[in-house]
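Open the model in your viewer and keep the selection tool at hand. Each stop below says what to pick and what is there.

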Amino acid sequence: MREGKLKVGVLVSGSGSNLQALIDACAVPGHPAEIVLVISNRPGVRALDRAKTASIPAVVFDHKNYPDRASFDADMQKALDAADVEFICLAGFMRLLTTEFVEHWGGRMINIHPSLLPSFKGLNVQQRAIDAGARFSGCTVHFVTPEMDVGPIIQQAVVPIHQDDTGDTLAARILVQEHRIYPASLRWVAEGRVRVEGERVFLNDAVYPDTGLLNPSPEQAN
Ligand code: GRF
């Protein structure tokens with residue numbers, strides 16, 4: 001077991017509801033992680049208010065002020081180093097990172113994505129899942145690798161897609177589950193229970209539900 005709490009930096013671009021879930025989780029006495037820095041690439045976003053309310057240092061690096069991704073990532077790196085950040089959570093961070101940055105943080109950076117990866121990488125994934133006729137969608141916590149939305153999966157949650165869903169209603173249903181699994185995954189990482197082997201993640205003392213989901217319910221067919 002490591003000494004002290006895992007020092008976490010959270011990168012955001014928007015509302016920060018996942019940041020809030022992580023803040024709330026880390027506030028539980030004895031939690032093995034603490035958020036020491038929040039970085040936003042957009043000024044004025046709600047995530048920054050959430051950091052302020054929680055008395056967590058927050059900085060803005062407005063990507064519009066940078067000529068390229070490398071200089072933007074370099075400034076983020078300096079701030080992360082200055083805060084002694086050991087581990088990064090991407091929480092709705094809407095910028096592509098350079099391969100150099102991602103490799104520097106290899107095995108030490110995770111992301112939450114609102115689909116069941118490896119299906120529906122990229123943007124607008126809730127509407128795309130509906131349009132594809134999928135019966136289920138969900139969310140995925142995974143380690144970040146240079147290729148976007150690819151990387152060893154720590155945890156997923158599944159939600160049904162209803163026939164009257166819009167992208168927004170499905171996004172809201174998925175978000176509820178994001179707020180459950182992202183803090184859980186961070187806790188497991190901070191507890192040192194997560195091991196990556198190739199493309200797969202293994203969790204010490206994991207409990208696996210052995211049930212199946214059906215959608216729509218088959219009961220009416222009886
Ligand atoms: C979430 O749906 C997350 O999965 C995706 O961006 C959204 C961010 O929401 N990467 P919030 O800023 O955490 O509220």
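This is a predicted model: local features need pLDDT of at least 70, side-chain atom pairs count only at pLDDT 80 or more; totals for chains, interfaces and linings use all residues.

**Stop 1**

The space taken by the ligand is the largest pocket.

Now show the residues around the ligand. They are Ser15, Gly16, Ser17, Asn18, Gly92, Ile112, His113, Pro114, Leu175 and Glu178.

Which polar atoms lie 2.5 Å and 2.7 Å from an oxygen atom of the ligand? Select Ser17: a polar atom of its side chain is 2.5 Å from a ligand oxygen. Then select Glu178, where a polar side-chain atom lies 2.7 Å from an oxygen atom of the ligand. A polar backbone atom of Gly16 is 2.8 Å from an oxygen atom of the ligand. Taken on its own, the ligand has 370 Å² of accessible area, and the protein covers 82% of that.

**Stop 2: helix α1**

Select residues 17-26, which form helix α1. Is this helix largely enclosed or open? Of its 10 residues, 8 are buried, so the rest of the structure largely encloses α1.

Colour the buried ones: Ser17, Asn18, Leu19, Ala21, Leu22, Ile23, Ala25 and Cys26. Ser17 and Asn18 also belong to the residues around the ligand.

What covers these buried residues? Bring up the strands β1 (6-12), β2 (33-40), β4 (87-91) and β5 (109-113), which are part of the cover.

**Stop 3: His113**

Move to strand β5 and pick His113. This residue is also one of those around the ligand. Is His113 buried or exposed? Its relative accessibility is 4%, so His113 counts as buried.

Show the side chain of Asp149 next. The side chains of His113 and Asp149 make a polar contact of 3.5 Å. His113 is then in contact with Phe120, Lys121, Gly122, Val125, Gly138, Cys139, Thr140, His142 and Asp149.

**Stop 4: the loop between β5 and α5**

Follow the chain into the loop between β5 and α5 (125-131), where Pro118 has its place. Check the peptide bond between Leu117 and Pro118: the bond is cis, with omega about 10°.

Phe120 is in this loop too. Its phi is near 60°, a positive value in a residue other than glycine. With a relative accessible area of 23%, Phe120 is partly exposed. Asn124 is another residue of the loop. Phi of Asn124 is near 55°, again positive in a residue other than glycine.

**Stop 5**

Jump to Pro216, in the segment after β9 (200-203). A cis peptide bond joins Asn215 to Pro216, and its omega is about -5°.

**Stop 6: His63**

Finish with His63, in the loop between β3 (58-60) and α3 (69-82). Show Asn41 as well: the side chains of His63 and Asn41 are joined by a polar contact of 3.0 Å. Beyond the neighbours within four places in sequence, His63 is in contact with Asn41, Phe72 and Arg95.

Technical notes:
Residues are numbered from 1 along each chain as its sequence is written. Side-chain values use heavy atoms; hydrogens and water are left out. Buried means under 20% relative accessible area, exposed over 50%, partly exposed in between (1.4 Å probe, protein chains only). Helices (H or I, at least four residues) and strands (E, at least two) are DSSP runs, numbered from the N terminus. Contact means heavy atoms within 4.5 Å. A residue is near a molecule or strand if one of its heavy atoms lies within 4 Å of it. A polar contact is a pair of N or O atoms within 3.5 Å; within protein, one must be able to donate a hydrogen and the other to accept it, and residues adjacent in sequence count only if both atoms are side-chain atoms. Accessible areas come from the Shrake-Rupley method with a 1.4 Å probe; for residues, only the protein chains shown count as cover. On a 1 Å grid over the protein atoms alone, a cavity is a set of points where a 1.4 Å probe fits but cannot get out, and a pocket is an open set with protein on both sides within 12 Å along at least five of seven lines; lining residues have an atom within 4 Å of a point. A molecule sits in a cavity or pocket if more than half of its atoms lie within 2 Å of its grid points.
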